[in-house]
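Let's take a walk through this model, starting with its charged side chains and ending at its pocket. Keep the 3D view open as you read.

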Amino acid sequence: MELLKKRIMEEGKILPGNIVKVDGFLNHRVDTELMEQIAEEFKKRFDTSKVTLVLTAEASGIALATICARAMGVPMVFAKKAKSDNIEGGLYQSDIFSYTYKKKVTLLVSKDWISADDKVLIVDDFMANGEAMRGLCDIVKEAGAELEGIGIAVEKGFQHGGDRIREAGINIQSLAIIDSADENGFVFRED
């Protein structure tokens, strides 16, 4: 998606440790018009007529997943990273290692909000090593639901999380895959 790549080139930053910072438009300050265009792009790339649920992980993916779910006319559910007192009944859960927080995290989804009848599109704003996606896929499988695919706005291709998901045969569509990022800027994988 050329518009997204252009925004990354103009506004993205590279921090020490190959951290790609796109929080000025994607996951802290949110450009809702850009999010709507991303949602429309995902609608072109997936058969969304089958999708009954959009799933993401807490917290930065929530904005994009909400706009995508709205565009597709389905509910959005996000996996929580901590059990709260207001979650009743059973839980689906998966342990992951968070690249952002450098620690183990447990993703949790109430059994009330995903079932074997669901056809799930996972959507997230950003993917580094793919651990969150692996965890969300585990939850979809544990629920007996059908995974329709994974939509990622920005993928750090040089960390190979997306490559592992593709090798597993999962339909993953990343709109901007960064193959390298350094003081010279960003290099994107060709579509």
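Start with Lys-44, which counts as exposed at 68% relative accessibility (exposed is over 50% relative accessible area, buried is under 20%, and partly exposed is in between, using a 1.4 Å probe on protein chains only). Its partner is Glu-41, and the two side chains meet in a salt bridge at 4.0 Å, N to O (a salt bridge here is a side-chain nitrogen of Lys or Arg within 4 Å of a carboxyl oxygen of Asp or Glu). Glu-41, by contrast, is buried, with a relative accessible area of 17%. Both residues sit in helix H3 (residues 32-45), three residues apart, or about one turn of the helix. Helices are DSSP runs of H or I with at least four residues, strands are runs of E with at least two, and both are numbered from the N terminus.

A quick word on ground rules: this is a predicted model, where local features need pLDDT of at least 70 and side-chain atom pairs count only at pLDDT 80 or more, while totals for chains, interfaces and linings use all residues. Residues are numbered from 1 along each chain as its sequence is written, and side-chain values use heavy atoms, with hydrogens and water left out.

Back to the charges: the salt bridge count comes to 16. Another of them pairs Asp-95 with Lys-104, with the closest N and O atoms 3.9 Å apart. Asp-95 is partly exposed at 39% relative accessible area, and Lys-104 is exposed at 57%.

Next, find helix H5 (residues 131-143), where Arg-134 and Glu-131 are three residues apart, about one helical turn. Their side chains form a salt bridge at 2.9 Å, N to O, and Arg-134 is partly exposed at 33%.

Now for the largest pocket, which holds about 810 Å³ of space. On a 1 Å grid over the protein atoms alone, a pocket is an open set of points where a 1.4 Å probe fits, with protein on both sides within 12 Å along at least five of seven lines, and lining residues have an atom within 4 Å of a point. The lining has 32 residues, with Asn-27, Ser-60, Thr-100, Tyr-101 and Phe-126 nearest the centre. Strand S2 (19-21), helix H2 (23-27), strand S5 (91-98), strand S7 (119-127) and H5 each give two or more residues to that lining, and S7 gives the largest share, four residues.

How values were computed
Grid points are joined across faces, edges and corners, and a volume is the space filled by probe spheres set on the points.
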